[in-house]
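Biologist: I am new to this model, and I would like to know what stands behind the words used to describe it. Could you take me through them with care?

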Amino acid sequence: MTINRRTILSLAAGTALGAAIRPAFAAGEPISIGAVIPTTGPMSLSGKQYFNTLTMAEEDINKAGGINGRPVKFVIQDAGSSNSTAVSAFMKLIQETKPPFAFLTSYSTQNLATAPEVVKAKIPVMYAGGADAVAESSNGWMFRIRPTDSLAARGMAQFVKTLKATKPGILYIQNDFGQGGAQAAAKLLEANGTAPVGMEAYGQNDKDFSAQILRLRQKGADVILTFVYPADGALLLRQIKALGLKTPIVASSASFLPAALQLLSPADLENVWGVIDTFVDASVGGRMTDFTTRYKAKFGQDGDAYGLAYYDGALLLAEGLKKVGTDPEKLRDFIASQKSWEGIGQTFSFDDKGNGVPGVVVVKAKPGTKTIELVERIRPS
Amino acid sequence: MADLIQLLTNGLALGSVYALAAIGFVIVYSATGVVNFAAGQFVMLGTFAGVAMLLNAGLPMPVGYAAALIAMALFGALFYLVVYLPLRTSPVVTVIIGTVAIGITLQNAALLTFGSWPFRLPSPFEGMMIEVAGAVVSVHALAVVATTAVMIFLLWLLLHRTAIGIAMRAVAQDVKAARLMGLRVQWLLAFSWILGAVLAGVAGLMLGPMWFADVNMGDPIALKAFAATVIGGFGSLPGAIAGGLFVGLAEVLGASYISSAYKDLIAFGIMILFLLVRPQGIFGEPIQDRG
């Protein structure tokens, strides 16, 4: 190929035109944001979702011009499936990356273990574990982007009333999340005059729940509340049906995540209600449709409420960075001051303990299908 | 009564899977002296071999099961060549640490290959239930118990009625003497790893439809199989069977009649009790008698 002056001029003109019409990609020194996410081990089931949505948020923020012209960069450390790994990952971020802000995992036990280091590091963080105890130790630096377990429990107890059940049974995973949720629900049910007839626990690695299910049946439970993780939540629903129980089930959010739903048949979901964070479905319209469509196209799976919480969190952070810069204290104050920030999945309103989500929703599968529909929104007083 | 039948069936099905995993432990331990801490991941790999053949490749069930077990046999041979053989002259503790490292590697390789979402592996008896004295019993659970019984019988035939099985037992008793007798010890050791992997594969294929195919399913199986082996007697095949069934039943009955919150404490408490009072387990030989 011969390169002459006309060729060079054409290339120069093309380059200039390309630069003029391309979106306002961010340039300059990136702003590093930390993220401690379980990308390996059992907790990666949820972790993968917010790994994906933070990646998506990073691209979207930078495509829209970044933070006043500077790109953001999410520096991700693996939280594994233990508290010690999560703490080490956070400390590594603080020492090596020195971010002005970080995301923590969606697991209360890891959030609780990391809280003292967050207070020492003096940077604001967003997290998605539900245990109420996390907020007590946050010292103003931690912001929760999902409902608290007690809020979910209040929603579940309230829905038990709707079902007119009088002998609730509770089945829960034996960890901070499950025990906390079960105890909160038990107290509320008792206050409503419908004290639980039985409370059964299972271990995080358990795969057979027949003993617990049969005990609740023996005790005459007319509704079963479950506090579960996704895979064991799905297995539990299958085993309940396999044992021939027709008792209504009110399940915590994990049972209705796409990772759990893909393991279930329409029959497994009969008579099952989910009290979940938010209704993530393309049918909602607007920004939700855009998010769910793009997520599925990019990752080949349906997005879930956990992933969406982090996506919303990243957009809120971006707005804060644009308005107050990278000073951790100013960022903290900015987030704490948000009382009606419109995300895609939630309207965030942070209370004095940093809890940002004030309500939950009840969903159910349409009869004979796995299509999830909204039953009601619950915003307990 | 109906609930008891239900619990016994579930406990036996669970115990059968633990028993098969424990037998895999014992066969490798008896022949090589190595406690294979990757045994749980062997079972996980068996389940995912089923996922690859039945769900990904879409093979019909009989062909898919056969292909999955052949894949597991090849994996056993590969494990022998890549992990055991290079480390065979190292202290046993090095080999044991090697199995731990390989276990972690296998788990993460499965995570990278198959992703974090669990799979629902189909059963030949999908959705089939029978009613026994008021209890609804899954046909798959009964098939698991029956398959384990058949596998144990075939294993007994192999070890007591075939030349290769008798040679394996000779190697397990005394490697030097077996070599002096002209036995091809390395081939027999390789066969032990292959057999262990195939048994884990059978356990994995049976577990897939009962639980879900999950890359993290190996650790709980390994822990329970280890407890079964200790209770039954390290190195004893009847012990592995009895121990597996015992742990499965203790788990389900303990949760039902004592406390669901402390059911693991019951199984592992009994294991600790055995370690203190009868370290050789139910069927194991006293340690000082081993030649």
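**Where the chains touch, and how the helices lie**

Modeller: In this predicted model, 28 residues of chain A are in contact with 26 residues of chain B, where contact is defined as two C-beta atoms, placed from the backbone, lying within 7 Å. Local features need pLDDT of at least 70 and side-chain atom pairs count only at pLDDT 80 or more, while totals for chains, interfaces and linings use all residues. Residues are numbered from 1 along each chain as its sequence is written, and chains are lettered from A in the order in which they are written.

Biologist: What makes α8(A) mostly covered?

Modeller: A residue is called buried if 20 or more other C-beta atoms lie within 10 Å of its own, exposed if 12 or fewer, and partly exposed in between. Seven of the nine residues of α8(A) are buried, among them A:Ile213 and A:Arg215. The buried residues of α8(A) pack against β6 (168-173), β7, β8 (223-227) and α9 of chain A, together with α1 (2-32) and α10 (237-257) of chain B.

Biologist: Why is α2(A) said to be largely enclosed by the rest of the structure?

Modeller: The reason is that 16 of its 20 residues are buried. Helix α2 (residues 44-63) of chain A reaches 28 Å from its first C-alpha to its last, close to the 28 Å expected, the expected span being 1.5 Å times one less than the number of residues.

Biologist: How do you know what kind of residues join α9(B) and α11(B)?

Modeller: B:Ala227, B:Val230 and B:Ile231 in α9(B) meet residues of α11(B) including B:Phe268 and B:Leu275, and the residues of this contact divide into nine nonpolar, no polar and no charged.

Technical notes: Helix = DSSP H or I, 4+ residues; strand = E, 2+ residues; numbered from the N terminus. Nonpolar A, V, L, I, M, F, W, Y, C, P; charged D, E, K, R; others polar.
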